[in-house]
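Here's a quick briefing to keep beside the model while you click around.

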Amino acid sequence: MTKIFAHRGASGHFPENTMLAFEKGIEAGAEADGIELDVQLTKDGRIVVIHDERLNRTTSLKGFVKDTAYDVIKTANAAAGHDQAYSDLKVPLLEDVLSWAVKKDFLINIELKNSVIRYEGMEEKVLEAVKRFNIEERVILSTFNHESVALCARLAPHIERAVLTADVLYQPDQYIASIPATGYHPKLNSPGATDEVLKKMRSSSIKVRPYTVNRPEDMKHLIELGADGMFTDFPAKAAALLKNE
Ligand code: G3P
Ligand code: CA
């Protein structure tokens, strides 16, 4: 059965990467099998859940996350561009999400946002948090930085890892096995996510989970193809389609 991941939470309807969006992603009606979130490091080395390197698009602050201390970031509203009703939403720490998630049973895809800014030490910090909450079996680590996937493999071989890509990889099954990782997260409808490639990866026992799947016809197609998972901003829509399969 194809697993549904609420991409940045239920971000089609709620401010992305906020606790509200994550809660909405797994509540009744959406019932995602997991959530996906993005992490960056603050100036003082805290792991915050935010997609961009800069605060500008999603928060009330400006500037790079890496140049801003967490004490400042925690004062920001994390729902820039959204309704006033969301004015109390904050940028969560990874540990805020994990301390909530630990009481439940869904999967957590932590995307390390370290392919633009390298954030030395990010892998160790993320792994420390995952271990502290004893949540290793429910976590999938992914990043567009495949050196970082390999480092995670060395540091924590027991935690599932996936390669993110919007590009075409040469012999992707062999490439992924060489890292080693067990998941392939390609950009939907990219040349690296043709039916042929996805089927080949599945036949090599690599977990295939395309992103970001928001159109019902794409959701249906991936379900029929037997994709292991998909990332969507609209988990309720995907859950309804799955129920009708
Ligand atoms: O992890 C899948 C997807 O989230 C990767 O792209 O830009 O939405 O973080 P992006
Ligand atoms: Ca992401």
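Ile-50 sits in the loop between strand S3 (47-49) and helix H2 (70-73); helices (H or I, at least four residues) and strands (E, at least two) are DSSP runs, numbered from the N terminus. Ile-50 is buried, with a relative accessible area of 3%; here buried means under 20% relative accessible area, exposed over 50% and partly exposed in between, using a 1.4 Å probe and protein chains only. From Ile-50 to Glu-36, 14 residues apart along the chain, the C-alpha atoms are separated by 11 Å.

This is a predicted model, in which local features need pLDDT of at least 70, side-chain atom pairs count only at pLDDT 80 or more, and totals for chains, interfaces and linings use all residues. Residues are numbered from 1 along each chain as its sequence is written, chains are lettered from A and ligands numbered from 1 in the order in which they are written, and side-chain values use heavy atoms, with hydrogens and water left out.

**The calcium ion**

- The calcium ion (ligand 2) has Glu-36 (OE), Asp-38 (OD) and Glu-111 (OE) as its protein donors, 2.1 to 2.2 Å away.
- Donors are N, O and S atoms within 2.8 Å of the metal (3.2 Å for Na, K and Ca), and water is not among the atoms, so sites may look incomplete.
- Along the chain, these donors follow the spacing E-x1-D-x72-E.
- Glu-36 lies in strand S2 (residues 34-41) and Glu-111 in strand S4 (residues 107-112), so the pair ties together parts that are 75 residues apart in sequence.
- Both Glu-36 and Glu-111 are buried.

**Ligand 1**

- Around ligand 1 you'll find His-7, Arg-8, Glu-36, Asp-38, His-51, Glu-111, Lys-113, Phe-144, Leu-164 and Tyr-211, where a residue counts if one of its heavy atoms lies within 4 Å.
- Arg-8 has a polar side-chain atom 2.8 Å from an oxygen atom of ligand 1, and Glu-36 likewise has one 2.8 Å from an oxygen atom of ligand 1.
- For Glu-111, an N or O atom in the side chain is 2.9 Å from an oxygen atom of ligand 1.
- On its own, ligand 1 has 290 Å² of accessible area, and the protein covers 91% of that.

**His-146**

- His-146 is in helix H5 (residues 146-155) and is buried, with a relative accessible area of 13%.
- A polar atom of the His-146 side chain lies 2.8 Å from the backbone oxygen of Leu-164.

**Cis peptide bonds**

- Ile-179 and Pro-180 are joined by a cis peptide bond, with omega about -5°.
- Pro-180 is in the loop between helix H6 (172-178) and strand S7 (183-186).
- Tyr-211 and Thr-212 are also joined by a cis peptide bond, with omega about -25°.
- Thr-212 belongs to the loop between strand S8 (207-208) and helix H8 (216-225).

**Asparagines with positive phi**

- Asn-17 has phi near 55°, a positive value in a residue other than glycine.
- You'll see Asn-17 in the loop between strand S1 (3-7) and helix H1 (19-26), and at 2% relative accessibility it counts as buried.
- Asn-134 has phi near 55° too, again a positive value in a residue other than glycine.
- Look for Asn-134 in the loop between helix H4 (122-132) and strand S5 (139-143); at 64% relative accessibility, Asn-134 counts as exposed.

How values were computed
A polar contact is a pair of N or O atoms within 3.5 Å; within protein, one must be able to donate a hydrogen and the other to accept it, and residues adjacent in sequence count only if both atoms are side-chain atoms. Accessible areas come from the Shrake-Rupley method with a 1.4 Å probe; for residues, only the protein chains shown count as cover.
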